[in-house]
Amino acid sequence: MKSRRRPYSEQRPFDTGGGVWSVPVPIPANPLGYTLIYAIESPAGPVLVDAGWNHPESWLALRDGLTAAGMDVREIRGVVVTHFHPDHAGLAGQVRQESGAWIAMHEADAALVRFMHDLEDGAHRDFQADMLRRAGAGAVEVTEVTARRPRPPAVPDLILQDGDLVDLPGRRLRTVWTPGHTPGHVCLHLEDADRLFTGDHVLPEITPHIGVYPYDRTDVDPLGDFLGSLEKVKDLGELEALPAHEWIFHDTAARAAEIGAHHEEKLRRLAGLLAEAEGPLTLWEVASRMTWNRPWEEFPAMSRGMAASEAAAHLRTLEVRGTVRRVKGSDPIRFVLHS
Ligand SMILES: [Zn+2]
């Protein structure tokens, strides 16, 4: 297969052409390495797509990267956040403090950010512990997962809806709502240049985490949403992708199709796993039997929590499609193929 890797180093600030700079901002102690922040020039000051992880070292990388691009962090006009995750929204608050920039986000993620600010530590811990128990998690997993709580990102000033143009004088930057990775994830279509800022939605080699949270929610279908959002990107045609991780690549539509096929295959294998099971399985049992990039026994507790949430999303989609059902009254909840 043709590699999508571009012949330049993504580790340094880079002029991608057309008034758009790529600035890598490190994510300390994370295998992803960095978030690619994009700075789009405008006569009224640059607009950033994402801001990076909230850490002093990351802040310096952002500030100095913008300087290398001939920009000044104090002149930033606004920050569009593709989604509320800390490697994207983390530094938005500090950019706003330095420059008076606005922060814009889709309303679904803005609601989550407000919820995180309102939720007290004790309530957050109880909520998570309950969820893990209902999923059949072990005591160690409950203790370790509930011990951590990331700082919530800054509350945005502007709300974006699907189809909205971002306040970027002289250019056309349109909001494309792509729920799945988060409920309010957006891609941003630079219509005057046939380029798409894809955030985490469409990445060249890896695929974003798609999870259900809490695990046993039945009012949402994030993977179903994600697959729909991939179709939406396909419909925009063949654009150049400016993703938030890895590297810039061509043909968003082809990559979106590939990611969709990957999840359909995972759904097929999951249904097969339930068909072969000796009886109904808890979420934890399902997750431990799925194929991951390393053996389940070697997963740290935190990664098991992430894997369970991913398994839950796939089970939920199969449930919505009528392939899988939950056993009535089971506690922890058990899943079985629909006969
Ligand atoms: Zn993310």
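The model is predicted.

**L236 and its loop**
- L236 sits in the loop between α7 (222–235) and β11 (240–243).
- Leaving aside residues up to four places away in sequence, L236 touches H189, L196 and T252.
- A253 is 17 residues from L236 along the chain, and their C-alpha atoms are 7.4 Å apart.

**Helix α4**
- Helix α4 spans residues 107–118, 12 residues in total.
- From first C-alpha to last, α4 reaches 16 Å, close to the 16 Å expected at 1.5 Å a residue.
- D109, A110, L112 and V113 are the buried residues of α4.
- These buried residues line one face of the helix, because they fall within an arc of 160° seen down its axis.
- F115 and D118, on the other side of α4, are exposed.
- The cover over the buried residues includes β6 (102–106) and β7 (158–160).

**Nonpolar core**
- The largest nonpolar core holds 92 residues.
- I37, Y38, L48, V79, L188 and L283 have the most contacts inside this core.
- Helix α10 (residues 301–320) gives the largest share, 7 residues.
- Beyond four places in sequence, the residues I37 touches include V23, V25, L48 and L62.

**Annotated domain**
- An unreviewed UniProt entry lists residues 34–245 as "domain: Metallo-beta-lactamase".
- The end C-alpha atoms of residues 34–245 lie 7 Å apart.
- This span is 34% helix and 19% strand.

Conventions
Residues numbered from 1 in each chain as written. Predicted model: local features only at pLDDT ≥ 70, side-chain atom pairs only at ≥ 80, totals over all residues. Core = buried A, V, L, I, M, F, W, Y, C linked by C-beta atoms within 7 Å. Buried ≥ 20, exposed ≤ 12 C-beta atoms within 10 Å, placed from the backbone. Helix = DSSP H or I, 4+ residues; strand = E, 2+ residues; numbered from the N terminus. Contact = placed C-beta atoms within 7 Å. UniProt positions renumbered as here; feature names shortened; annotations may be inferred. Expected span 1.5 Å × (residues − 1). Arc of directions from axis to C-beta.
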